[in-house]
Amino acid sequence: IESILVNAILEGCCGETAAAYEVALAAEGAADPELRETLARIAEDERRHADLAWNFVRWSLQRNPALKTAALRAVELELAQARALPPAPLEDAWLEEHGVLPEARRQSLRVEALEQLVLPCMRSLCAALPQASVGETGARTELAGELSRSLPHHQILEGLANCDLVL
């Protein structure tokens, strides 16, 4: 079960949260209104994927709190790996007009998402485990379910970093 949990954390909590953040920023920078709208829909889809992963992780940790160390370790290792990547070559900024973030920007956004969204939320989730009941469900089970679909990236960052939506 630990390997399933860690995979959900890496692919869903880390990967999908970072992807939602990245695509939301790409949407904001896109010059073409249709491209902006398409990227915003993709960002929302990525956010839903992240929600699913966070809900699964929460459910799993409520049922097996002994795995919270592994959960935190997985996020911390993913963040360390993201920080350790060599800098990507700088690419032309004109790509952003077309919805493509340069690799250097994508790397920095991944680190930012892991540092400011994923790790604080995982810490809050793990810290809340002793108080959570096994059968607890509610309106706040989705990581970002309360966020409007049209929120700009900075509001997504603020909402997720507060982790109100995880607990």
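Predicted model: local features only at pLDDT ≥ 70, side-chain atom pairs only at ≥ 80, totals over all residues.
Local features need pLDDT of at least 70 and side-chain atom pairs count only at pLDDT 80 or more, while totals for chains, interfaces and linings use all residues. Residues are numbered from 1 along each chain as its sequence is written, and side-chain values use heavy atoms, with hydrogens and water left out.

**View 1. Glu-44 pairs up with Arg-48 in a salt bridge.** A salt bridge here is a side-chain nitrogen of Lys or Arg within 4 Å of a carboxyl oxygen of Asp or Glu, and the count comes to 11. For this pair, N to O is 3.5 Å. The two residues sit four apart in helix α2 (residues 33-63), about one helical turn; helices are DSSP runs (H or I, at least four residues), numbered from the N terminus. Glu-44 is buried, at 8% relative accessibility, whereas Arg-48 is partly exposed at 40%. (Buried means under 20% relative accessible area, exposed over 50%, partly exposed in between, with a 1.4 Å probe and protein chains only.)

**View 2. Arg-48 also bridges to Asp-45.** Here N to O is 2.9 Å. Asp-45 and Arg-48 are three residues apart in helix α2, again about one turn. Asp-45 is partly exposed, at 29%.

**View 3. Salt bridges link up into a network.** Its members are Glu-44, Asp-45, Arg-47, Arg-48 and Asp-51.

**View 4. Arg-110 and Glu-78 form a salt bridge.** N to O is 2.5 Å. Arg-110 belongs to helix α4 (residues 103-128) and Glu-78 to helix α3 (residues 68-84), so the pair ties together parts 32 residues apart in sequence. Arg-110 is partly exposed at 25%, and Glu-78 is buried at 15%.
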